Amino acid sequence: MMWRTYFICGDLLACSLAGAGTAWLVQALIPSDWPMIFGMALGMVLGMTVGTIASLFFTPLFGAMEVMLPVSLSAMVSGMWAGMAQTGTDRFFGLSDIDALQGGTVAGLACLAFTWLLQAKLRGNANIRRDTQ
Amino acid sequence: MSTGAQKKWDAAARAYDFVGAFGEERRWRPHKTKLFSSMEGKILFLAVGTGLDIASFPPGQTITGIDISAKMLEKAAPRAAAYSGKMSLTQMDVHEMTFPDATFDQVYTSCTFCSVTDPVRGLTALVRVLKPGGQLRMFEHTGSRHFPFSAMLNVMNPIFRNLGPEINRNTVANVQAAGFKLQKVTNIFLDVVKTIEATAPIK
């Protein structure tokens, strides 16, 4: 039970930090007057990079695939959102630090929730003919 | 012996326990313990690594552990010596195993076929060393069929391949391609981390 709580807290922490950190980095690096499509694309690439690095950092503490996949997804989605918000909301000021951190955290936690829902669906015996990779 | 793979895993041996001994092992140990609890007869444990899995073995078994990396086996030696059964360690490549045909009753793997250079050839070699109808029990991570994880694993694979394992392999299909009869696949995390149970063909 203690370790289950530890890993749930670890997942929450890792995904929220990856999401928040990526969104903050994206709003700091991408100019607000860029076209939104470029903001989103670069945000996604930055997110994938941050997600991979964050996964390597969190793996010794919280596990391998169970951390790597939701953290990478959190960073990628957060990066895309921040890239769009930075270039689409206000062409002069862009996204504030606080907005980026809050939005990135929400994106990270939403990605973790998606992962947990898919996990609830897939866990257990797989259909050998259809569901196996 | 594949010297490229040997060098890669010799280099990885230094940091292997740092990366895997705490979070990863605590996540996976209950599932590994359950899988390994069916150990009986003459057992081959493939890619024993630094021996982290030995703590999950049931006591009193006779186990032969092999690994391609001498550095990994150096780290595994004290863990194998502390095991409450008979455990021997040998440096060997799964593609070039020197065991006679039909030597083992069971073969166990743990995160092995993400790293074997030619997985179908490696699995075919296991068919040879297993007795007819012998059991293959695997704890493996694979690719995924579910978006977006399927795409992410494919994109990230070139990076991880250089660090150590491949992360998008279709190990279940490889098991079948090698001639094993699939019995059961159990998803542990998504459809990525799983246990695979199969039997060698009865000739």
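Helices (H or I, at least four residues) and strands (E, at least two) are DSSP runs, numbered from the N terminus. That numbering is used throughout for this two-chain predicted model, where local features need pLDDT of at least 70, side-chain atom pairs count only at pLDDT 80 or more, and totals for chains, interfaces and linings use all residues. Residues are numbered from 1 along each chain as its sequence is written, chains are lettered from A and ligands numbered from 1 in the order in which they are written, and side-chain values use heavy atoms, with hydrogens and water left out.

**Chain A and the interface**
- Chain A has four helices and one strand, in the order α-α-α-α-β along the sequence.
- Its C-alpha atoms fill a box of roughly 55 × 35 × 20 Å along the principal axes.
- Contact here means heavy atoms within 4.5 Å, and 43 residues of chain B touch 36 residues of chain A that way.
- Chains A and B bury about 3,500 Å² between them, with 69% from carbon and sulfur atoms; buried area is the accessible area (1.4 Å probe) that two parts lose on being put together, summed over both.
- On the chain B side, R27(B), F149(B) and F189(B) lose the most area to chain A, together 20% of what that side buries.

**Pockets**
- Pockets are found on a 1 Å grid over the protein atoms alone, as open sets of points where a 1.4 Å probe fits, with protein on both sides within 12 Å along at least five of seven lines; lining residues have an atom within 4 Å of a point.
- The largest pocket holds about 1,000 Å³ of space, the volume being the space filled by probe spheres set on the points, with grid points joined across faces, edges and corners.
- It has 44 lining residues, and W9(B), Y16(B), S115(B), G164(B) and P165(B) lie nearest its centre.
- Helix α1(B) gives the largest share of that lining, seven residues.
- Sorted by class, the lining of the largest pocket has 28 nonpolar, ten polar and six charged residues, where Ala, Val, Leu, Ile, Met, Phe, Trp, Tyr, Cys and Pro count as nonpolar, Asp, Glu, Lys and Arg as charged, and the others, Gly among them, as polar.
- The second largest pocket comes in at about 680 Å³; of its 22 lining residues, R4(A), Q119(A), R123(A), R27(B) and H31(B) are the closest to its centre.
- Elements giving at least two residues each to the second pocket's lining are α1 (2-29), α3 and α4 (97-122) of chain A, plus α2 and β6 (181-189) of chain B.
- That lining splits into ten nonpolar, six polar and six charged residues.

**Helix packing in chain B**
- Helices α1 (residues 3-20) and α3 (residues 70-82) of chain B pack at about 40 degrees, with axes 7 Å apart; axes are lines fitted to C-alpha atoms, for helices over the stretch in contact, and angles run from 0 to 180 degrees between N-to-C directions.
- The contact of α1(B) with α3(B) has six nonpolar, no polar and six charged residues.

**Backbone details in chain B**
- F147(B) and P148(B) are joined by a cis peptide bond, with omega about 10 degrees, and P148(B) sits in the loop between β5 (130-141) and α5.
- C111(B), in the loop between β4 (104-110) and α4 (119-129), has a positive phi near 50 degrees despite not being glycine.
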